[in-house]
Amino acid sequence: MATGHQIVGFTSGLIAITLLPHIGILPQTPLEAILFFVFVLFGSLLPDIDTPHSKLGQKFWRLLIFVLMVAFGLYLYAPNYLNSYREELKVFVMLTLPLLIMVRSHRKMTHSIFFIGVLFIYHLIITNFFAIPYYFFIGFITGVFSHLVGDLITKRGIPIFYPFYKRHFRFLFTFRTGSSTEKMIVLTLSVWNIWFLVTQIF
């Protein structure tokens, strides 16, 4: 469930931001730390963008349709205005098109190691256009990785090596999505997160 993925993602983010100083990377201000966790939480939902029924998937497909409608309208009625944003649209299409190709059915391409590799390439492309601190990408990948780990412990599992090998893998210990076991894990992690934050602040 989306809430479970966000809690697992936030927990992973706490662990990651604790380890960042050991590799010489650390957000410099409270705002940067908050943005780090925004990237973590976004990443924790991203793999489920392959289904319009997910929380992030609903927003993504609606936004994509809206952007395409606006672009088409500008192309018909205001082509000169569209030309002024040609470079931005190229970046948008360049980043969106591969993602649309990968989004074929739920728990396929976006739930694989290959997807993480594609995101790393995305990161290299984006940093050529925008000055984004590297630790934001670490937070983003931490969230994505936490999502895959979360789905690995469900009954259905995930195709880690997709599209090269389509078999679904899972941990020895698994539970059904939305079950009482998942709710207990989410509750336990929530309590731990609060305890960790309180002990770090005070």
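I started with the overall make-up, and the protein has eight helices and zero strands. I am working from a predicted model, so I keep that in mind throughout. Reading from the N terminus on, I noted the elements as α-α-α-α-α-α-α-α.

Buried residues account for 39% of the 202 residues in the protein. I also checked how far along the sequence contacts reach: of those between residues at least 6 apart, 65% join residues at least 24 apart.

**Helix 2**

I turned to helix 2, which covers residues 30-45. I then listed the buried residues of helix 2, and they are Phe36, Phe37, Val40, Gly43, Ser44 and Leu45.

**Helix 2 against helix 7**

A pair of packed helices is described by the angle between the axes and the distance between them, so I looked up both. The axes of helix 2 and helix 7 (residues 134-152) come within 6 Å, and they cross at roughly 35 degrees. I noted the crossing of helix 2 past helix 7 as right-handed.

Which residues meet here? From helix 2 I wrote down Glu32, Leu35, Phe36, Phe39, Val40, Phe42, Gly43, Ser44 and Leu45. Their partners in helix 7 are Tyr135, Phe136, Ile138, Gly139, Phe140, Gly143, Val144, Ser146 and His147. I sorted the residues of this contact into eleven nonpolar, six polar and one charged.

**The cores**

I then went looking for nonpolar cores. The largest has 13 residues, and Leu46, Leu119, Phe140, Ile141 and Val144 have the most contacts inside it. Helix 6 (113-127) and helix 7 are the elements that give two or more residues to this core. Helix 7 supplies the largest share, six residues. Apart from this core I found another, of eleven residues, including Ile17, Tyr135, Phe136 and Ile138.

**Ile113**

My last stop was Ile113, which lies in helix 6. What does Ile113 touch, leaving aside its neighbours within four places in sequence? I found Ile160 and Phe161 in contact with Ile113. Ile113 and Ile160 are 47 residues apart along the chain, yet their C-alpha atoms are separated by 5.8 Å.

Methods
Residues are numbered from 1 along each chain as its sequence is written. This is a predicted model: local features need pLDDT of at least 70, side-chain atom pairs count only at pLDDT 80 or more; totals for chains, interfaces and linings use all residues. Side-chain values use heavy atoms; hydrogens and water are left out. Axes are lines fitted to C-alpha atoms, for helices over the stretch in contact, and angles run from 0 to 180 degrees between N-to-C directions. Helices (H or I, at least four residues) and strands (E, at least two) are DSSP runs, numbered from the N terminus. A crossing is left-handed if the near helix is turned anticlockwise from the far one by less than a right angle, and right-handed if clockwise. Contact means heavy atoms within 4.5 Å. Ala, Val, Leu, Ile, Met, Phe, Trp, Tyr, Cys and Pro count as nonpolar, Asp, Glu, Lys and Arg as charged, and the others, Gly among them, as polar. Buried means under 20% relative accessible area, exposed over 50%, partly exposed in between (1.4 Å probe, protein chains only). A nonpolar core is a set of buried Ala, Val, Leu, Ile, Met, Phe, Trp, Tyr and Cys residues joined through side-chain atoms within 4.5 Å.
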